[in-house]
Amino acid sequence: MTGLPTSRPAPAPVPVLALGDVLLVTLRGELHDGAAEQLQDDLAHRIASGPAPLQGVVIDISGVEIVDSFLGRVLAEIAAAASLLATRTVLAGMRPAVAITLVELGLTLPGPVTALDVEAALSLLGRAPVSALPVPPEGGV
Amino acid sequence: MAEHDTALGTAQELGAFLERRREQIAQRWADAALFRTVFTVSRDEAVEACKAVVDALAEVARTGRLEDVTAPGFGAVRDQLGRMSASRSRAGQNPSQIADEIAGLREPVGALLRADFDEDAVERTHACLVALTVLMGTLRLVVLQTTVHAGEELIARQREQLLEVATPVIRLWEGIVAVPLIGTLDSARSQVVMENLLEAIVGQRARYAILDITGVPTVDSLVAQHLMKTVAAARLMGAECIVSGIRPAIAQTIVHLGIDLGSITTRASLADALAHALTRQGIVVSPRPAAGASAP
């Protein structure tokens with residue numbers, strides 16, 4: 001990642017929103033090299049310095065129409081870095097067409113956990129209504 | 001050039017003959033097997049249909065394009081005979097039988113033609129008979145084309161219907177959808193299955209998707225690959241996929257082939273898969289306490 005061209009005009013950085021103990025990143029359209037690198041930096045810093053018991057990072061890609069091998073690698077790297085910092089990453093809102101393309105390309109993104117949308121991702125991280133919890137409470141009926 | 005003119009002259013003579021004897025030809029054709037079996041209700045109707053065909057043939061003959069399948073005159077024939085041959089094929093006739101029936105139409109016209117021309121004009125009669133044979137041959141080709149084309153259309157339509165019918169996505173529970181797969185799973189079908197399933201996952205907000213392969217006769221490495229792709233795509237959408245309906249024989253085949261389905265949750269039956277999904281959602285299904293037993 002060190003040899004990236006820097007002559008390109010800097011694209012607007014992708015905002016990282018803190019929702020309580022969850023960081024939310026919403027990707028829209030195309031993600032350029034510079035923005036991707038900055039997002040990875042931002043996220044790593046925010047995870048490291050964020051509120052102590054950080055539940056996880058939610059990356060909303062419902063506004064992304066094309067996920068190529070580059071974005072796939074960025075997402076995998078984010079997930080790997082977050083996991084090193086003891087935080088889960090949830091990929092939310094992938095479109096059916098994108099999922100089919102990724103599978104045909106052989107990119108199954110084994111790293112990040114996936115969720116249908118942001119709401120499902122938040123409930124997966126244990127922030128949302130308890131009734132929607134995907135994992136059963138052991139022994140509680 | 002002279003030869004061409006003669007051919008055109010003969011064709012036009014044949015056209016004129018067809019027009020002249022329209023009524024008689026139609027009457028004779030109406031008794032032929034082809035028309036008689038299609039127009040069982042009314043003979044008049046058969047005669048009308050025959051007249052339409054004779055008119056079309058006369059028009060083709062007038063233009064001299066006896067061997068041209070694309071001659072405009074055949075348009076009407078295509079319509080008329082296409083319907084008839086379609087009804088014949090529905091009755092179980094194969095295309096060559098239909099072609100034979102068309103060939104049978106030539107003889108009555110030939111007899112009429114011989115009777116119509118002078119005894120002396122042997123040459124002309126002969127030329128006209130040859131022209132008639134060519135024309136009937138082309139007619140046969142046109143009808144065969146129409147028949148085969150209709151068959152192809154039917155096959156294409158049925159293939160499409162099969163794709164749709166064979167891959168329904170069923171909502172089993174809130175957040176649980178199932179796809180019962182029936183028949184051989186090829187690339188085209190697995191693509192449709194994947195698309196339908198992903199759409200259903202979004203539409204039903206499903207957390208669990210069950211692929212039931214009870215109706216899939218054999219599982220080879222290709223089918224396994226299709227299954228794994230579908231499972232991977234569903235996972236990318238945030239749903240967990242369960243493959244159910246793995247019969248003992250199929251389980252052994254998978255093991256013998258060395259296919260690794262380790263990354264996929266599998267269950268023996270659809271019921272087991274549903275139970276698994278329910279448990280994972282924290283839903284417990286239990287029998288209602290008996291009516292007589294008093295609850296504490």
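Analyst: Happy to. In chain B, five strands make an open sheet with mixed pairing, in the order 1-2-3-4-5. Strands here are DSSP runs of E with at least two residues, helices are runs of H or I with at least four residues, and both are numbered from the N terminus. Two strands pair if DSSP finds at least two bridges between them. In general, strands of a sheet pair through backbone hydrogen bonds, either parallel or antiparallel.

Before going further, a word on the source: this is a predicted model, in which local features need pLDDT of at least 70, side-chain atom pairs count only at pLDDT 80 or more, and totals for chains, interfaces and linings use all residues. Residues are numbered from 1 along each chain as its sequence is written, while chains are lettered from A and ligands numbered from 1 in the order in which they are written.

Strand 1 of chain B runs antiparallel to strand 2 (residues 176-182) of chain B, and three bridges join them. Within strand 2 of chain B, A178(B) is the residue that stands opposite I170(B).

Two helices pack on this sheet. Helix 9 of chain B touches strand 1, strand 2 and strand 3 of chain B, and its direction makes about 165 degrees with that of strand 2 of chain B. Helix 12 (residues 270-280) of chain B touches strand 1, strand 2, strand 3 and strand 4 (240-244) of chain B, and its direction is about 170 degrees from that of strand 3 of chain B. These angles run from 0 to 180 degrees between N-to-C directions, with axes as lines fitted to C-alpha atoms, for helices over the stretch in contact. Two residues are in contact if their C-beta atoms, placed from the backbone, lie within 7 Å.

The loop between helix 9 (187-204) and strand 3 (208-215) of chain B holds R205(B). This residue is not a glycine, yet R205(B) has a positive phi near 50 degrees. Most residues other than glycine have a negative phi. R205(B) counts as partly exposed because it has 16 C-beta neighbours inside 10 Å. The cut-offs are 20 or more other C-beta atoms within 10 Å for buried, 12 or fewer for exposed, and partly exposed in between, with C-beta atoms placed from the backbone.

Stepping back, chain B has 12 helices and five strands, and 32% of its 296 residues count as buried. In helix 2 (residues 22-30) of chain B, the buried residues are I25(B), A26(B), W29(B) and A30(B). Seen down the axis, they fall within an arc of 130 degrees, so they line one face of helix 2 of chain B; the arc is that of the directions from the helix axis to the C-beta atoms.

Finally, the partner chain. Chain A has four helices and five strands. The contact between the chains takes 18 residues from chain A and 21 residues from chain B. On the chain A side, helix 3 of chain A gives the largest share, five residues. That side divides into 16 nonpolar residues, two polar and no charged, where Ala, Val, Leu, Ile, Met, Phe, Trp, Tyr, Cys and Pro count as nonpolar, Asp, Glu, Lys and Arg as charged, and the others, Gly among them, as polar.
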